[in-house]
Amino acid sequence: MSIRERIQSELKAAMKAKDPVRLSTLRLIAAAIKDRDIAARAEDRCGGCDHTEMMAILQKLAKQRDESADTYEKAGRLDLAERERTEAEIVREFLPKPMDESEIDQAARGVVDELNASGLKDMGKCMGALKERYAGRMDFAKAGAKVKSLLQEVA
């Protein structure tokens, strides 16, 4: 089942269950994907956005919810912070399991070796390959630090 189908299925289930938080969050996800589909069609990609773009949208939505929750907590609005965290968890249900430190380390080493990267000038190539292969699963801030340290060792 594709992500689009899962979202639609979950949307129908949330309507039947009369779960307002889940329903509004799923509608938000569907709207964000539809918006990106429209933009993709404007770029002559009739199929809409692809899997990688959907993963990026979901990651962005989850990150926004986490940042909002932190802001609400600092302002003393714990009720709103809790809702944002709940929404973030709903969004994460559609993301693949995130990679742990050892998996990120292994993937970074593999890409550096595969591309025969020889210095920091190859950082962009390595990160591009990682983003293409592990969209939605990898913390690219951690991966960037790892790739940088590996490239400094090689240089």
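Buried residues are those under 20% relative accessible area and exposed ones those over 50%, with partly exposed in between (1.4 Å probe, protein chains only). The structure described here is a predicted model, in which local features need pLDDT of at least 70, side-chain atom pairs count only at pLDDT 80 or more, and totals for chains, interfaces and linings use all residues. Residues are numbered from 1 along each chain as its sequence is written, and side-chain values use heavy atoms, with hydrogens and water left out.

The chain contains seven helices and zero strands, where helices (H or I, at least four residues) and strands (E, at least two) are DSSP runs numbered from the N terminus. Its pattern along the sequence reads α-α-α-α-α-α-α. The C-alpha trace spans about 60 × 45 × 25 Å along its principal axes, and of the 155 residues in the chain, 34% are buried.

Two helix pairs are worth a look on the model. Helix 2 (residues 20–42) packs with helix 4 (residues 78–92) at an angle of about 55°, their axes lying 10 Å apart; axes are lines fitted to C-alpha atoms, for helices over the stretch in contact, and angles run from 0 to 180 degrees between N-to-C directions. Helix 2 and helix 4 are therefore oblique to each other, given that angles under 35 degrees count as roughly parallel, over 145 as roughly antiparallel, 65 to 115 as roughly perpendicular and the rest as oblique. Their crossing is right-handed, meaning that the near helix is turned clockwise from the far one by less than a right angle. Helix 5 (residues 101–114) and helix 6 (residues 123–134) pack at about 125°, with 10 Å between their axes. This pair is oblique too, and helix 5 and helix 6 cross in a right-handed manner.

Aspartate 44, in the loop between helix 2 and helix 3 (51–74), has a positive phi near 65° and is exposed at 68% relative accessible area. Asparagine 116, in the loop between helix 5 and helix 6, has a positive phi near 50° and counts as exposed at 64% relative accessibility.

Turning to side chains, the structure holds zero disulfides (pairs of cysteine sulfur atoms within 2.5 Å). Cysteine 49 is buried at 4% relative accessibility, and cysteine 126 is buried at 0%. Lysine 131 lies over the face of phenylalanine 140, 5.8 Å from the ring centre; a charge sits over a ring if NZ of Lys or CZ of Arg is within 6 Å of the ring centre and within 35 degrees of the ring normal.
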